[in-house]
Amino acid sequence: MLNGIINIYKEPGYTSHDVVARLRGITHQKKIGHTGTLDPDAEGVLCVCLGAATRVCDMLTDATKAYEAVCLLGTVTDTQDTSGQVLSEKPVDVSAETVRECIAGFIGETEQIPPMYSALKRDGKKLYELARAGMEIEREPRHITIYDIEIVNIDLPEVTMRVTCSKGTYIRTLCNDIGEKLGCGGCMKHLTRIRVGDFDISTARKLSEVEELAREDRISDVLIPVTSVFADLPAATVNQTGASRAMNGNLLRDSDLIFEDSGLHNTTLISGNRFRVLGPDGFFYGIYSYDAGDEACHPVKMFLCQ
C-alpha cells in the first residue's frame, strides 16, 4: 500500500470526489482521501492522502489556505459565482481606490454566512441539494480569519486578488460581500487555490502526470512522506524495546528514546510537548506527547508507515 501525500493540481471540470476516484484507479488502492473540497469550476492545489496518510486529512483541511480569485463586481448570482443564475446587475460606479479601501476592511477576524450552494449539511442534507430544490434555510455565521488580501489587478468591473485565509472561508461569499459593501453587488468569476499549508501550486501535479508516473512505476517521485506534515516537531529514535512498544501504540519511557543530543532531549520531554517517533531505518511510528505526571510518552496519532 502507498502511504503519503500527493499534491494534485485539480483542473476545472473535476470534482474533488472525481480526483479521488481517478487516483484509486491509478494506484489500485481504496484508502485515499482529499483534504478540502474545491468547487468543480475551481482549480489548483488539492492535497490527496493515501494509506496511513489519510490520518492527517483533518490536519491539512484545517491548514491555512491561499487563493487567487477574480471578483466580478456589478453582478449578483444565486451561487455567488458566475456559474449561477443572475439575480441582479448594476453599474460599477466606484473608483479603484474605493475598491482597495473596501477590500482592506475584510482583513482580520470576522464572521461569514456560508452560501446555500455549499457542501455543508443540515439534517443530513447538503445545502446545495436544498438550494437546487428551491429551498433556502437560515445559516449560522461562522468565525473565519482573513490574514491578508493582496490586490493583483483592478480592471473594473473585475478585481483580481490573492487571499490568505483560515479554513471554512468561502471566497465566493467574500466576493459577494465585497460587492454588497460597495453597493453594486459582486460574485466570483474564477478561483485558483495556490497553497494549502506548505503545499504550493508550483509543485502540484496534474492527474495525467501522476498516471504517467504510475505506468512507469515511479509514483514514489511525487509521493510526499507523512512525516513532512510534522517537520516542525522534534524527532526521537526508538531503541529495540521502544520499537516493540511503539508498534503496538503503547506508552514509551524516557529510556526507550534516543535524541540527537542531550539539549534536544531536555527541551522535548516537557509536559505537553509533542514529537515524532521514528525507527533507525526511518520508519514513522507516529506522534507522541510527554506527560510529566506519569513520566511517560503517550501516543497522539499513530501512522506506522515507511
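1. Asp-256 is buried, with a relative accessible area of 2%, where buried means under 20% relative accessible area, exposed over 50%, and partly exposed in between, using a 1.4 Å probe and protein chains only. Its salt-bridge partner is Arg-245, with N and O 2.7 Å apart; a salt bridge is a side-chain nitrogen of Lys or Arg within 4 Å of a carboxyl oxygen of Asp or Glu. Arg-245 belongs to helix 7 (residues 240-247), while Asp-256 sits in the loop between helix 7 and strand 15 (257-258), eleven residues apart. Arg-245 is partly exposed at 31%.

2. This is a predicted model, in which local features need pLDDT of at least 70 and side-chain atom pairs count only at pLDDT 80 or more, whereas totals for chains, interfaces and linings use all residues. Residues are numbered from 1 along each chain as its sequence is written, and side-chain values use heavy atoms, with hydrogens and water left out.

3. The count comes to twelve salt bridges. One of them joins Arg-22 to Glu-211, with the closest N and O atoms 3.0 Å apart, and this pair links helix 1 (residues 16-27) with helix 6, 189 residues apart. Helices (H or I, at least four residues) and strands (E, at least two) are DSSP runs, numbered from the N terminus.

4. The peptide bond from Leu-156 to Pro-157 is cis, with omega near 15°, and Pro-157 lies in the loop between strand 10 (142-155) and strand 11 (158-165).

5. Asp-217, although not a glycine, has a positive phi of about 55°, and Asp-217 is exposed, with a relative accessible area of 70%.
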